[in-house]
Amino acid sequence: MPTILTVTMNPAVDLATTTERLVDAHKLRCSAPVVHPGGGGINVARVLHRLGADVQALYPAGGCSGQRLVQLLAAEGVPDAAITIDGDTRESFSVVDRSDGKEYRFVLPGPTLSAPEWERCLSTIGTMAPAPRWVVASGSLPPGVPDDFYARLAAMLRGPGTRLVLDTSGPPLAAALQAGVYLAKPSLRELRELTGAPLQDDAQRRDAARALVTSGQAQVVALSLGGEGAMLVTADQAFKAAALPVAVASTVGAGDSFLGALLWALDQGQDLRAAFGTAMAAGAAALLATGTALCKPEDIARLRTGVDVQELP
Ligand SMILES: Nc1ncnc2c1ncn2[C@@H]1O[C@H](COP(=O)(O)OP(=O)(O)OP(=O)(O)O)[C@@H](O)[C@H]1O
Ligand SMILES: [Mg+2]
């Protein structure tokens, strides 16, 4: 059994391409597609695997696209536990307009899962022996999966042994926080949506993150702030780091790279402050890679020395 299990309920085969200029009606001739396995938890697993962690990716997969997904993960050497479903795994499509460099991301809803299918995902996680030290649940939920899926996962994993790490948004995030998780990684957009507050400055952001901790919803909140960097907040500590100044090729997968590296560092025994610094380097490293390519370990190591973690009052 793996030390770290990632859970991706709505994975995708990600196709990335470019075209001269995005216009309507005309046929848009595109460059040869670059294909990657995708979805939040799958990306986190890919990052963890590159860093040498003992990780396994659990996800539902169906149809030809599901087989493709399994093959793509196998090609990267990421150990997986695919749960076969009737529906077809979704494909996502991103196009860079070469005339202005803008990236357009088309995301499909994903197949509808039946109750026995998503229940099988839960029971597979619940019966792993020994239980993984970490379960990382990341991404949206596909049609058919109830909004309280992650909350059920949290309730199932409660007790000693497994720490649940969650990166999702909207009602599934709110429900899971009510059940309580070890670590949540909202982006600023997601935390604003959750709290309904504008969260304009550091103090407001720190207080909103801390409120999740004091109310027992998460022990650690890693709040990512896009181009402004990130914060990490616990009951008695708050850290902030500015984003590293790197040339941005694509922001796709920055949050997943951040989270994968954070988990890797924590599992290595780094303290929260040091692990947060490693995560910042990984978030920046992801920006160097075009399309859905993720961070490279050598870039993380190189950028790590430039990260400045400040303690907030
Ligand atoms: N434009 C940017 N410039 C510099 N650093 C960035 C930029 N975008 C992201 N990062 C880095 O990557 C980390 C994660 O990015 P972000 O906050 O966008 O999370 P995300 O999960 O990818 O966002 P979302 O889920 O809302 O799309 C940030 O904390 C930051 O360190
Ligand atoms: Mg995110």
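The residues of the shell around ligand 1 comprise 6 nonpolar, 8 polar and 3 charged, where Ala, Val, Leu, Ile, Met, Phe, Trp, Tyr, Cys and Pro count as nonpolar, Asp, Glu, Lys and Arg as charged, and the others, Gly among them, as polar. The model is predicted: local features need pLDDT of at least 70, side-chain atom pairs count only at pLDDT 80 or more, and totals for chains, interfaces and linings use all residues. Residues are numbered from 1 along each chain as its sequence is written, chains are lettered from A and ligands numbered from 1 in the order in which they are written, and side-chain values use heavy atoms, with hydrogens and water left out.

**Ligand 1**

Ligand 1 is surrounded by 17 residues, of which S187, R189, S224, G226 and G229 are the closest; a residue is near if one of its heavy atoms lies within 4 Å. The table gives polar contacts, each a pair of N or O atoms within 3.5 Å.

| Residue | Protein atom | Ligand 1 atom | Distance |
|---|---|---|---|
| S187 | side-chain N or O | oxygen | 2.8 Å |
| G229 | polar backbone atom | oxygen | 2.8 Å |
| G255 | backbone N or O | oxygen | 3.1 Å |

Taken alone, ligand 1 exposes 620 Å², and the protein buries 76% of that area (Shrake-Rupley method, 1.4 Å probe). Two or more residues of the shell come from each of α6 (188-195), α8 (254-267) and α9 (272-288); α9 gives the most, with 3 residues. Helices (H or I, at least four residues) and strands (E, at least two) are DSSP runs, numbered from the N terminus.

**Pocket and cavity**

Ligand 1 sits in the largest pocket, meaning that more than half of its atoms lie within 2 Å of the pocket's grid points. On a 1 Å grid over the protein atoms alone, a pocket is an open set with protein on both sides within 12 Å along at least five of seven lines, a cavity is a set of points where a 1.4 Å probe fits but cannot get out, and lining residues have an atom within 4 Å of a point.

The largest pocket has a volume of about 1300 Å³. It is lined by 48 residues, and R105, T251, G253, A254 and G255 are the closest to its centre. By class, this lining holds 17 nonpolar, 23 polar and 8 charged residues. Elements supplying at least two lining residues each include β2 (12-19), α1 (40-50), β6 (90-97) and β7 (103-106), as well as α6, α8 and α9.

The structure also holds 1 cavity of 30 Å³ or more. The volume of the largest cavity is about 40 Å³, and its lining has 7 nonpolar, 2 polar and 1 charged residues, among them M9, I85, R90 and L113.

Notes. Polar contact = N/O pair within 3.5 Å; in protein donor to acceptor, adjacent residues only side chain to side chain. Points joined across faces, edges and corners; volume = space filled by probe spheres on them.
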